[in-house]
Amino acid sequence: MTSRSAILGALRARPKAPSPAPLPDLSEPFCTYSDPLQHFAAVLGSVGGKVVLAPTLEAAEMALNAEPAYQQARQVCGLVAGLGRSNVDLTTVSDPHSLETVDFAIARGRLAVAENGAVWVRESDVPTRALLFITQHLALVVGKNTLVNNMHEAYAQLELGSAEFGVFISGPSKTADIEQSLVIGAHGARSLLVFVIG
Amino acid sequence: MSAELVHLSPATAHPRRAALFVANDERMHWHDKALWFVRQKRDKAAQSVPEWERLRELASQIKAHTLVGLPDYLEEFEAKAVALGAEVHWAKDADEHNAIVLRILEGVGAKRVVKSKSMLTEECHLNPFLEARGYEVVDTDLGERIVQFRNEAPSHIVLPAIHIRKEEVGATFHEHLGTEAGASDPQYLTEAARGHLRDKFLKADVGITGVNFAIAETGGFVVCTNEGNADLGTALPPVHIACMGIEKLIPRTKDLAVFLRLLARSATGQPITTYSSHFFGPRPGGKLHIILLDNGRSGISQSADFKTSLHCIRCGACMNTCPVYRRSGGHSYGTTVPGPIGSILAPARDANTYQSLPYACSLCGSCSDVCPVKINLHEQLLLMRHSVTEKGFLPKLKQLSMTIASYVFQRPKLYAFLGAAGRTLGRLLPHRWVNNRLNGWGRQRDLPPLPAKSFRALYRERNNGQ
């Protein structure tokens with residue numbers, strides 16, 4: 001007997017539960033915010049990220065140019081048309097290891113969540129996903145109209161998408177594994193900048 | 001853990017190990033405070049969500065539902081994951097799990113493995129298994145790397161190095177990473193680890209991760225970290241092995257909303273982990289293996305009393321709040337998962353070895369109050385005491401005292417006589433006769449002054465006075 005059939009067999013041999021617990025449909029109302037944008041910015045700030053509200057990409061560009069991490073970056077991989085410079089072309093990258101030297105990356109986020117400051121980034125917008133984690137600094141760009149209140153609303157939208165790698169990013173990489181002292185910049189990005197456009 | 005502890009009698013294993021931890025009073029209080037701080041952060045985060053209690057209820061319902069239909073959901077998950085291009089393996093125990101990992105490594109000629117925190121591979125003792133066969137296995141979570149350098153096990157499932165002082169981390173890093181002698185600044189030490197581990201990520205042939213949630217309807221799964229180690233560990237090497245217990249399944253994508261709202265808030269008081277990565281099949285050009293491990297879980301799922309312990313999402317909140325865990329340290333449990341939940345999971349699998357764990361509990365119930373999936377932990381710990389007793393694992397001395405107590409309590413006159421005798425002798429006898437080395441209960445405490453009259457005598461007097 002294979003382990004597969006042994007495990008499934010053991011699970012099926014269990015005494016029947018009195019009545020299978022119903023699966024809640026999760027359609028009930030969950031918390032919303034009177035000013036979701038303000039909440040998003042406050043939460044992301046509290047976890048070490050920075051939010052820039054920019055009516056246009058031009059305004060975002062000005063704010064980006066003022067960022068020391070961006071000014072000092074030698075290798076920049078920009079994936080958002082109309083924002084920032086770029087001297088790393090992802091379409092020519094066949095081996096993700098070569099992204100090791102990227103200082104600053106700019107990528108598109110598809111959704112922002114007010115309750116926890118998370119931004120959803122999907123692989124089709126960042127063809128080599130390693131970029132998101134290996135870059136020293138990361139900037140994400142999301143439309144103001146993509147902001148949702150909570151994770152339930154977020155998944156309701158994401159379920160429409162195809163099954164591709166995606167990640168909620170909320171703040172820069174961090175750790176508190178040494179005596180509970182918060183240190184920003186564990187393995188991934190040392191800073192996270194989120195531009196909310198619109 | 002020193003060698004003599006390996007042979008501890010199972011009946012006293014936890015108290016004996018706890019005694020070693022408690023012997024350093026200053027460290028014990030430091031440890032207690034560090035965890036209480038995390039508990040307080042959890043409270044703040046929980047209170048910021050108006051529907052917190054409702055979320056716990058929903059999470060409990062989803063997990064209960066999934067457990068009932070688990071075999072069907074596992075098959076659905078497998079079919080969907082395979083359709084996405086993953087290879088799915090089934091392991092009935094730790095040995096088979098490790099053998100599968102080895103076969104995969106051999107198949108791709110791998111030598112260097114980076115691992116992101118996975119308590120499941122700790123449970124299977126994968127590291128020593130692979131290291132004995134010449135593989136380099138690097139734990140990439142900072143806390144896990146610290147304990148790996150020190151040849152220790154994690155003492156907490158979310159905060160693996162919570163028992164180690166920064167000066168000790170400094171000494172460990174000085175030895176292994178060449179940091180400055182005497183350096184203890186967390187920022188400096190973390191930066192050193194970042195450089196060291198980047199190199200390991202870049203050179204790795206295979207990345208191994210755990211799984212926080214696997215979704216039956218899509219065949220995808222979610223891994224949550226703050227450091228980004230699971231992401232670097234899977235985005236660079238061409239092969240990803242994801243190891244999960246069969247209880248990690250949830251039915252639908254939308255169920256993730258409930259669990260991701262609960263997990264990080266319960267664990268560390270964060271609104272969500274920095275990275276919540278959703279994997280669907282291998283990355284372009286890569287390979288993905290998913291190992292589904294039983295290792296006793298199907299057995300626990302048959303137990304009416306303990307099956308809901310499989311609802312656990314490994315947040316660690318029960319540890320942070322537990323007055324025994326905070327003061328005895330994670331290593332005192334001698335298990336991969338310590339604390340209240342570990343004191344159910346371990347003896348549910350092996351009652352003999354872990355018979356002392358259900359007693360590492362004051363039955364205060366705080367663990368049940370903070371559990372994000374509403375496991376009735378303290379009630380199960382009491383039931384586990386019954387269970388280990390029924391299996392014949394009550395120590396002789398406790399058996400004897402229980403038998404005597406039962407005999408006396410069934411005989412009111414004998415009880416009254418012994419009570420009177422005890423009150424009189426307790427007052428008249430020298431203190432060292434009443435409380436001495438032989439009385440284990442009195443080692444750190446003393447009896448209160450004994451009353452002159454029994455409760456029954458006082459009750460009679462009061463009624464006569466009316």
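Modeller: Two strands count as paired if DSSP finds at least two bridges between them, and strands (E, at least two residues) and helices (H or I, at least four) are themselves DSSP runs, numbered from the N terminus. This is a predicted model, in which local features need pLDDT of at least 70 and side-chain atom pairs count only at pLDDT 80 or more, while totals for chains, interfaces and linings use all residues. Residues are numbered from 1 along each chain as its sequence is written, with chains lettered from A and ligands numbered from 1 in the order in which they are written.

Colleague: What makes strand E8 of chain A and strand E9 of chain B a pair?

Modeller: Four bridges join E8(A) (residues 166-169) to E9(B) (residues 275-279) in the antiparallel sense, and the definition asks for at least two. Within this pairing, Phe168(A) stands opposite Ser276(B) of E9(B).

Colleague: Why is H1(A) called roughly antiparallel to H4(B)?

Modeller: Angles run from 0 to 180 degrees between N-to-C directions, with axes fitted to C-alpha atoms, for helices over the stretch in contact. Under 35 degrees counts as roughly parallel, over 145 as roughly antiparallel, 65 to 115 as roughly perpendicular and the rest as oblique. Helix H1(A) (residues 3-12) and helix H4(B) (residues 70-83) pack at about 150°, their axes 8 Å apart, which makes H1(A) roughly antiparallel to H4(B).

Colleague: Which residues make that contact?

Modeller: With contact defined as C-beta atoms, placed from the backbone, lying within 7 Å, H1(A) contributes Leu8(A), Leu11(A) and Arg12(A), and H4(B) contributes Leu70(B), Pro71(B) and Leu74(B). Five of these residues are nonpolar, none is polar and one is charged, where Ala, Val, Leu, Ile, Met, Phe, Trp, Tyr, Cys and Pro count as nonpolar, Asp, Glu, Lys and Arg as charged, and the others, Gly among them, as polar.

Colleague: Which residues of H4(B) are called buried, and what covers them?

Modeller: A residue is buried if 20 or more other C-beta atoms lie within 10 Å of its own, exposed if 12 or fewer, and partly exposed in between. The buried residues of H4(B) are Leu70(B), Tyr73(B), Leu74(B), Phe77(B), Glu78(B), Lys80(B) and Ala81(B). Their cover includes H1 of chain A and, from chain B, helix H3 and strands E1, E5, E8 and E10.

Colleague: How many residues does each chain bring to the contact between the chains?

Modeller: Chain B brings 69 residues and chain A brings 59. Helix H10 of chain B (residues 186-203) supplies the largest share of the chain B side, seven residues.

Key: Two residues are in contact if their C-beta atoms, placed from the backbone, lie within 7 Å.
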